[in-house]
Amino acid sequence: MPVKIKSGYFLQLLGLLILSALLAACGEATPTAPAAAKPTFPVTTVAPGSTATVRPTATPSLTTPGTTLPSYTAAPAITTAPSTSYHPVLILNTKTVKIGEAVVISGKDFQPNTKFHVLLVYPDSKTLGPYATPVTDAMGNLGVTVKLEEYDGKSLDPGNATLAVLTQDGKNGASTPITLLASGHASYSPVLKVSKNPVIIGNEITLTGSGYPAFASIEVLGGVQNPGIKFGVVKSDDNGNFSYKLKLDVPPGTSGEAYRPGPFNFLARTQDNRLTSNISITLVES
């Protein structure tokens, strides 16, 4: 006889069938994306003994499409400024010299194309000079000969001193020690000359002197009897010579008093009045 199934059991059976169907659907293989293909590089095979040339292939780009690499600014070039430092060297032909004698000075690596002053400096800072003002060449070299004697009325003392070659501001140059030996008082025989004689009143003349100390300050005076008219001061050169021009129209220091015809005397003396020379001329009317 047929079996009757109760309705409650039927519903439970139906539910089990539906659940089994869902589980079967979930258990199926889930599709996956194919693996990314690895980059391949061409390979060239060269048989042993072959002379075939293997050419490098282009390197594949490592940049992802659409990606921008960062940019960099090149660093500025480093430049070095030319050196302006000098290391001057001073050389003397002798380190010991008698007062009144000459010394030969040479130098190198000084500031080029520059005027220097030759000075004599004592330990107590007493300074004489400049005895010369040499100018360096384009290579910074210089050479000069100077006579070490009294300067501008200042006498030299025996002993140790320093011979310096410096720029006028004293910031550049070099120096070297030197020893001065006594040699007695230097012998001077000053002589004064005039460019013309007689002289027409109102004309210009030139007085020349020689035999004076080098770089000495020399006062020029004049007068009919006593030389009381002061014309000026001139400095002798490195050989003790000087030249001085003057016009005989109106005596300096007067109230317009004119020269008179007759004898007129000139006197040239060092400022310490130790050395003098004179000459007499004749003044005439035009």
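This is a predicted model: local features need pLDDT of at least 70, side-chain atom pairs count only at pLDDT 80 or more; totals for chains, interfaces and linings use all residues.
Strands of a sheet pair through backbone hydrogen bonds, and the pairing can be either parallel or antiparallel. In this model, 5 strands form an open sheet, in which the order is E2-E8-E7-E4-E5 and the pairing is mixed. At the edges of this sheet stand strand E2 (96–98) and strand E5 (127–128), each of which pairs on one side only.

Within the sheet, strand E7 (residues 159–166) and strand E8 (residues 173–181) run antiparallel and are joined by 8 bridges. To find this pairing in the structure, one can look for alanine 161, which stands opposite isoleucine 178 in E8.

## The sheet of three strands

Another open sheet has 3 strands in the order E1-E3-E6, and here the pairing is antiparallel. Strand E1 (89–92) and strand E6 (142–147) each have a single partner strand, so one side of each is left without a neighbour in the sheet. On average, and with direction ignored, neighbouring strands of this sheet are turned by 20° against each other.

The pairing of E1 with strand E3 (residues 102–108) is antiparallel and extends over 4 bridges. Here isoleucine 91 is the residue that stands opposite serine 106 in E3.

## A hairpin

Strand E12 (residues 217–223) and strand E13 (residues 229–235) run antiparallel, with 6 bridges joining them. These two strands, E12 and E13, form a hairpin that has 5 residues between them. Along the pairing, glutamate 219 is found opposite valine 233 in E13.

## Backbone angles that stand out

Most residues other than glycine have a negative phi, and most peptide bonds are trans. Two residues and two peptide bonds of this model can be read against that background.

Serine 125 lies in the loop between strand E4 (117–121) and E5, and its phi is near 75°, a positive value in a residue other than glycine. Phenylalanine 215, in the loop between strand E11 (204–210) and E12, also has a positive phi, near 55°. Are these two residues buried or exposed? Serine 125 has a relative accessible area of 56%, and it is therefore exposed, because the cut-off for that word is over 50%. Phenylalanine 215, at 12% relative accessibility, counts as buried because its value is under 20%.

A cis peptide bond, with omega of about 15°, joins glycine 129 to proline 130, and this proline 130 belongs to the loop between E5 and E6. Asparagine 197 and proline 198 are likewise joined by a cis peptide bond, here with omega of about 5°, and proline 198 sits in the loop between strand E9 (191–194) and strand E10 (199–200).

## A buried serine

Serine 277 belongs to strand E16 (residues 276–284). With a relative accessible area of 5%, serine 277 is buried, because this value is under 20%. Its side chain is joined to the side chain of tyrosine 212 by a polar contact of 2.4 Å.

## The second largest pocket

Rolling a probe the size of a water molecule over the atoms shows where empty space is left. The second largest pocket of this model has a volume of about 150 Å³. Among the residues that line this pocket are Gly223, Val224, Ile229, Pro251, Glu257, Tyr259, Arg260 and Leu283. Taken as a whole, the lining of the second largest pocket divides into 7 nonpolar, 2 polar and 2 charged residues.

Notes:
Residues are numbered from 1 along each chain as its sequence is written. Side-chain values use heavy atoms; hydrogens and water are left out. On a 1 Å grid over the protein atoms alone, a cavity is a set of points where a 1.4 Å probe fits but cannot get out, and a pocket is an open set with protein on both sides within 12 Å along at least five of seven lines; lining residues have an atom within 4 Å of a point. Grid points are joined across faces, edges and corners, and a volume is the space filled by probe spheres set on the points. Ala, Val, Leu, Ile, Met, Phe, Trp, Tyr, Cys and Pro count as nonpolar, Asp, Glu, Lys and Arg as charged, and the others, Gly among them, as polar. Two strands pair if DSSP finds at least two bridges between them. Axes are lines fitted to C-alpha atoms, for helices over the stretch in contact, and angles run from 0 to 180 degrees between N-to-C directions. Buried means under 20% relative accessible area, exposed over 50%, partly exposed in between (1.4 Å probe, protein chains only). A polar contact is a pair of N or O atoms within 3.5 Å; within protein, one must be able to donate a hydrogen and the other to accept it, and residues adjacent in sequence count only if both atoms are side-chain atoms.
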